[in-house]
Amino acid sequence: MEHQHDAAAHGALGWAVLEVSVVAGVLVVAGAYAAGLRASRHRSPWPAHRTALFASGLVCVAAALAGPLADAARTSFTAHMAGHLLLGMLGPLLLVLGAPVTLALRAMPVRRARALTRVLRSPPVRVLTHPAVAAVLAGGGLWVLYGTDLYPAMHASPLVHAAVHAHVLLAGYLFTASVVGVDPDPHRASVAVRSGVLVVYVAAHSVLAKRLYAHPPAGVDARDAEVGAQLMSYGGDVVDVALVVLVAAGWYAATRPREAAGTRGEVVDGSRPRGAPHPE
Amino acid sequence: MAASTPAEGSRRTTARSGPADLDRRTVLAGVLFGVGVAGSMVDLFVFHLALQWHHFYDRSTTAVAITADGFFHAVTWSITVWGLFLLADVRRRAPVRWGRWTGAVLAGVGGFQLFDGVVDHKLLRIHQVRYGVEHLWVYDAVWIGSAVLVLLAGLVLLRRARPDRSSARPRG
């Protein structure tokens, strides 16, 4: 009795530590973004919608990892799936549209900005930010999570839980940035490659949702799995269609006819010149 | 005809936007949008959600069919969006011949429903129009018959709205 109580208390402590770290992490990132805004306030005004998008992305991440939804997700597959949509799809999309790398380049002193640009141009980053590689990391990660015993394991251990969720968030960010990123990307793939990878990714997402509907992970109740799988399918579709629209909108802006060029002042997302801007 | 095709095609033809190119792009935009809407939205909103004749997944499908369905789903949503952006692209270059576009959309919808009714429902038997009904053939006949009518209406409209100077024959 005493022992069980100790174990339960110990487990609860682990989960509490996890939630506190998540909140702390989100606050640190928000603080860094605010510091970037402050450090670059003498430059051209930063679009307010970027700040709003980034902040909404952080809210999605926080809602997925701490608070009532995160609690429910430990027992309900449907709540788990809602959390995953926020953490791996919607949150990353909003964060990417917040253009944090552009803000960092504006805010940093020239030498450090150049160092960051060098990192962005390095071979490992080039490989990781290829849409196909990022898609395998994001989509493949989900297949491993739901196809193996990783799913029950992540609910037994706060550490495994943290590792899985960190992967979902980072891979989701990487994939979204590689397909519709607005930050400078020296190796941006062509519209054709990004659309093609996106089609395969959406297909894999939809196939996985159907598989989960019929073959839920161990320990998930059948009815819960059906609702969760449909949430994954339809919720994922909404974000996926948004990604397709953003790729097409980037193409639309980049192929603007010449006579109409110049009627719109600001460079539109997606038609940004290749390579990182000089942070002067 | 994957989602990447319009992007590549238009990239190559960005410099050339003569009347024949724009007409071809108008028809392509309409067909992509028609096929896309029929494949992604009609099925989802009308038959899955409103009538509930189709199921999310009927559990009898093979792994190959689910995979094919997943790709199909991804491609139809993609071409719906790309069709609209292609239309917007034509529109910013010249006035759109709406008759041509409407004919292409109808041809796309009809062509898709015909394909779905014959190949998916009858030959591959991926899913049926409705489950647990006595006279399935009536549903099939209505489905295929209406598909043929829409396709024909689209082709007629395409032909009637054909630009005079264009030597390209309209295709459905």
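A nonpolar core is a set of buried Ala, Val, Leu, Ile, Met, Phe, Trp, Tyr and Cys residues joined through C-beta atoms within 7 Å. A residue is buried if 20 or more other C-beta atoms lie within 10 Å of its own, exposed if 12 or fewer, and partly exposed in between, with C-beta atoms placed from the backbone. The model in the viewer is predicted: local features need pLDDT of at least 70 and side-chain atom pairs count only at pLDDT 80 or more, while totals for chains, interfaces and linings use all residues. Residues are numbered from 1 along each chain as its sequence is written, and chains are lettered from A and ligands numbered from 1 in the order in which they are written.

**The two chains**

Colour by chain first. Chain A has 12 helices and 0 strands; helices (H or I, at least four residues) and strands (E, at least two) are DSSP runs, numbered from the N terminus. Of its 280 residues, 39% count as buried. Chain B holds 5 helices and 0 strands, and 38% of its 172 residues are buried.

Contacts come next: two residues are in contact if their C-beta atoms, placed from the backbone, lie within 7 Å. In chain A, 76% of the contacts between residues at least 6 apart in sequence join residues at least 24 apart. For chain B, residues 24 or more positions apart account for 82% of the contacts with a separation of 6 or more.

**The core**

Select Val96(A), Leu198(A), Val247(A), Ala248(A), Ala29(B), Leu32(B) and Leu86(B), the residues with the most contacts inside the largest nonpolar core, which has 101 residues. Helix 4 (residues 77–97) of chain A gives the largest share of this core, 14 residues. Now centre on Ala248(A): neighbours within four places in sequence aside, Ala248(A) is in contact with Val81(B), Trp82(B) and Phe85(B).

Show helix 4 of chain A together with helix 10 (residues 158–180) of chain A; they pack at about 40°, with axes 8 Å apart. Axes are lines fitted to C-alpha atoms, for helices over the stretch in contact, and angles run from 0 to 180 degrees between N-to-C directions. Angles under 35 degrees count as roughly parallel, over 145 as roughly antiparallel, 65 to 115 as roughly perpendicular and the rest as oblique. The two helices are therefore oblique to each other.

To see the contact, pick residues from both sides, including Leu87(A), Gly88(A) and Val96(A) in helix 4 and Val168(A), Gly172(A) and Tyr173(A) in helix 10. By class, this contact has 11 nonpolar, 6 polar and no charged residues. Here Ala, Val, Leu, Ile, Met, Phe, Trp, Tyr, Cys and Pro count as nonpolar, Asp, Glu, Lys and Arg as charged, and the others, Gly among them, as polar.

Go to Ala99(A), in the loop between helix 4 and helix 5 (100–107) of chain A. Its phi is near 50°, a positive value in a residue other than glycine. Most residues other than glycine have a negative phi. Ala99(A) is buried, because 23 other C-beta atoms lie within 10 Å.

Tyr146(A) sits in helix 8 (residues 131–147) of chain A. With 20 C-beta neighbours inside 10 Å, Tyr146(A) counts as buried. Not counting residues up to four places away in sequence, Tyr146(A) touches Tyr151(A), Leu208(A), Leu212(A) and Pro217(A).

Finish at Glu226(A), in helix 12 (residues 222–254) of chain A. Glu226(A) has 18 C-beta neighbours inside 10 Å and so counts as partly exposed.
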